Amino acid sequence: MRALVFETFGGPLTVQDVPAPDPAPGGVVVEVAATGVCRSDWHAWQGHDPDVVLPHVPGHELAGTVAAVGAGVRHWRVGDRVTVPFVNACGRCAQCAAGEHQVCARQTQPGFTHWGSMAEYVALDAADVNLVALPEDLDPATAASLGCRFATAFRAVAQVARVRPGEWVAVHGCGGVGLSAVQVAVAAGARVVAVDVSAAALRLAAANGAEHTLDGGGDVPAAVTGLTGGGAHVSLDALGAAATCENSIRSLRPRGRHVQIGLLPPAQGRPAVPMDLVIARELQVLGSHGMAAHTYPELLGLVAAGRLRPQALVTRRLPLDEAGAALAAVGRDPGIAVVTRG
Ligand SMILES: [Zn+2]
Ligand SMILES: [Zn+2]
């Protein structure tokens, strides 16, 4: 099969012919129809993820069709259209038994713990636990974003922060996951302040319902506090950087909730978390890591009803031959880039 391969961290990204995977017991192989280009793939390429073994094929945000089924899989057949949360849970550990598959103790992740979906085929573990059936009318490029960015934003806003109507939500970083969070928060009835250093990203945030947009280069906490009459109820670091993490926490009103969505790999340095404010304002500092497959029906229902429009965030469709350049340029162009077949 053809796949995007890197053989050194930060080195060349080339499309090569490599052996196609076989399904593991309990797993499937999916023929990839679409795969998003996400900042986490960039981290994998840069060597920020200790799970990645070279040579490596990135890609974890996918939609496609089941092409082969491993022994013991009960619920899936060749030809089924699916997506999958990027955290593939084991289904058997204590976290899984509690329904918290997104923090499974024995999780695998395509594109990190094994070869990913920037390829014609990808192997996925524990299919009965992790696969999500796609509605007929959801196109593959849109569906792919449900594997990582859109679902991650949905979980952060709806399940972790539990955003309520009328609350102020500040979104720091308006890449794919940040724009998704803007859209989900607006749909939940929140008032959104979107922050980014890119004017184009802020225009997309406004188009997705942000009430205010702020340039990230200034005194962001002061500006958010002014616009929201005392600070945001909920603030999200949707980028994953020391500055956006700290700005997010400093943007909160008393008893506000910060949710960390963007990765903060230690290789990029540790953020300075203002714990003095955490105690003085009784802030909550929360993490959000993907979304369990069994909670997808709520998200898919809102998409089917037109309340959420992930398709509005897919701004570029590329062939696999252009995936390497897009991965190297993550963050340069606003919106979500998706590698599509054919
Ligand atoms: Zn588990
Ligand atoms: Zn991702």
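1. Where is the place of Arg162? Arg162 sits in the loop between α5 and β8 (168-172). Its phi is positive, about 50°, although Arg162 is not a glycine. Most residues other than glycine have a negative phi, and most peptide bonds are trans.

2. A word on the basis. This is a predicted model: local features need pLDDT of at least 70, side-chain atom pairs count only at pLDDT 80 or more, and totals for chains, interfaces and linings use all residues. Residues are numbered from 1 along each chain as its sequence is written, while chains are lettered from A and ligands numbered from 1 in the order in which they are written.

3. Overall form. The protein chain has twelve helices and 15 strands (DSSP runs numbered from the N terminus: helices are H or I, at least four residues; strands are E, at least two). Its C-alpha trace spans about 55 × 40 × 35 Å along the principal axes.

4. The Leu54 to Pro55 peptide bond is cis, with omega near -10°. Pro55 lies in the loop between α1 (39-46) and β4 (62-69).

5. Helix packing. Helices α5 (residues 149-160) and α6 (residues 176-187) pack at about 45°, axes 8 Å apart (axes are lines fitted to C-alpha atoms over the stretch in contact; angles run from 0 to 180 degrees between N-to-C directions). That angle makes α5 oblique to α6 (under 35 degrees is roughly parallel, over 145 roughly antiparallel, 65 to 115 roughly perpendicular, the rest oblique).

6. Annotation. An unreviewed UniProt entry carries "domain: Enoyl reductase (ER)" over residues 10-339; such annotations may be inferred rather than shown by experiment. That span is 28% helix and 23% strand, with its end C-alpha atoms 20 Å apart.
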